[in-house]
Amino acid sequence: LSATTSRPQAAESSAQVEVIPERPPTAALIPKFWFPEGRLVPQAEVEKDMKAILAAFRSAPAMGVGAKPKPGGAKAAAKPVQRTFKPQTPEWTEFVSKVLGFPSWWSRQLYAKVAQQGDTVAPEITCKMFTDWWEKGFTKLTKQEQFFRALKKDTTRDYLIQEDFLPFVQDLLVCHPGLEFLKQTPEFQEKYAETVCVRIFFTVNRSGRGRMTFREYCRSNLHDTMLLLDQETDINNVTDYFSYEHFYVLYCKFWELDTDHDFFISKEDLQKYNNYSLTEPVVDRVFAGIPRRLSSTIPGKMSYEDFIWFCMCEEDKTTETSIEYWFKCVDLDGDGIISGYELDYFFAEQKKRMENLLSEQIAYEDILCQMIDMINPADPKLIRLSDLKACPTCGVFFNVLFNLNKFIAFEQRDPFQAHAEKQGPEKTDWDRFARMEYDRMAQEAEQSEEFSEPSAEFHN
């Protein structure tokens, strides 16, 4: 018995001994890279920002009108006067942009956030009112964290939603000189604001859940783009998110399909897109909400927001968002793999259309070999999402399956012209498409004696 009981006691005693490895001497040279509660801002920078804020609320000492001079002829020194800021004034706008470092077109929304007192908004902002608000949530945050927090309507959330951006974009329509011509058309201002918000989440919200995390915000160029709007007077030069020309193309494309103008389109309407270029099976998948759940409140209909996602994915199949969009369409069983039977399913109708157009037999085996060679997957028997993201011509792969017009255009392209187009100022396939479509629409509008309703409104 004694022999049997001694073993667990020895094991227990050995288990209580905790061996702590020695910290290597080089560990002190490795800078901290994990900040679970956010990156800490140096105290000197915090104090510098607060000093600038307090200085902005103090007007320069000045001699009062009725001040009496000191004995000896010197005037009595005036005490510094504590200033206040009122809404929609140049002084407040300058304070927001120069002192706080926010975009100037945020000034209205920031005033409302600071001056909010219950159900009312104070007529002016005092120094104490602002410093209380600033110290409560912004003092020890990085500039990106400050932007992220300021955008949120509900500061208890750790993510942004589209509705958070909407009032800021609406103020941009009032402030930016490149959008002044839209002031007389509030209905189109509403659609422009919606388009910008949808485009932001299309690009930045990589999870696709409609909740933009701080990590997604930091990984995008949204922060710098919003600041760029203060420097760029031509809104069309800001092609990311805010371009009016890009909005005009999206809206007009939707307007052409929405024949009854109820701002919803059916599956039959979408099949007319780009002169019936898409096959019916892929349109069915889009309307089934496979690549992205439709936001439309009417079953079997696509809203303007849904169309923006579709159009941007269709016209630029090289972005990660569009690759994932079309991959989900082709992946019939949702196993994360595109197999031979799925390629056969989507190419069947495309093959019929090609044979009717070209009046010759199309060998599916030859097309299949070309697609495999193009993608060069890790496993030649199947195609994964990672294989498509690594392929610079993955858009051609999708066009072979369900877009006849673009596939034929690729086959008949002039390689020298295609290279010259990519050397232009437009950075992406979407930028090039939007530029060509806008120029085409503008030319048609000039040649037409009577403008269509959207064209007439937008160009006034």
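The legends below describe close-up views of a predicted model.

Local features are described only at pLDDT of at least 70 and side-chain atom pairs only at pLDDT 80 or more, while totals for chains, interfaces and linings use all residues. Residues are numbered from 1 along each chain as its sequence is written, and side-chain values use heavy atoms, with hydrogens and water left out.

**View 1. Aromatic pairs around W106.** The whole structure contains 51 aromatic pairs. The ring centres of F102 and W106 are 5.5 Å apart and their planes meet at 20 degrees, so this pair is stacked. Rings of Phe, Tyr and Trp (its six-membered ring) pair if their centres lie within 6.5 Å; planes under 30 degrees apart are stacked, over 60 edge-to-face, and the rest tilted. W106 also pairs with F168, with centres 4.9 Å apart and planes at 55 degrees, so this pair is tilted. The W106–F168 pair links distant parts of the chain, 62 residues apart: W106 is in the loop between α3 (90-99) and α4 (107-115), and F168 is in helix α7 (residues 162-175). Helices (H or I, at least four residues) and strands (E, at least two) are DSSP runs, numbered from the N terminus. F102 is buried at 1% relative accessibility, W106 at 0% and F168 at 3%. Buried means under 20% relative accessible area, exposed over 50%, and partly exposed in between (1.4 Å probe, protein chains only).

**View 2. Lysines over ring faces.** K143 lies over the face of F102, 5.6 Å from the ring centre. K253 lies over the face of Y273, at 5.6 Å from the ring centre. A charge sits over a ring if NZ of Lys or CZ of Arg is within 6 Å of the ring centre and within 35 degrees of the ring normal.

**View 3. Cysteines C175 and C252.** C175 is partly exposed, at 39% relative accessibility, whereas C252 is buried, at 6%. The search of the whole structure finds zero disulfides (pairs of cysteine sulfur atoms within 2.5 Å).

**View 4. Surroundings of E305.** E305 is located in helix α14 (residues 304-315) and is buried, with a relative accessible area of 16%. Leaving aside residues up to four places away in sequence, E305 touches Q162, E194, V198, R292 and S295; contact means heavy atoms within 4.5 Å. S295 is ten residues from E305 along the chain, and their C-alpha atoms are separated by 7.2 Å.

**View 5. Salt bridges.** The structure holds 20 salt bridges, each a side-chain nitrogen of Lys or Arg within 4 Å of a carboxyl oxygen of Asp or Glu. In one of them, the closest N and O atoms of D132 and K128 are 2.8 Å apart. These two residues are four apart in helix α5 (residues 127-137), so about one helical turn separates them. D132 is partly exposed at 37%, while K128 is exposed at 58%. E314 and K317 form a salt bridge with closest N and O atoms 3.1 Å apart, and both residues are buried.

View 6. The side chains of D439 and R435 form a salt bridge at 3.1 Å, N to O. Both residues lie in helix α22 (residues 429-447), four residues apart, about one turn of the helix. Elsewhere, salt bridges that share partners join R206, E320, E324 and K389 into one network.
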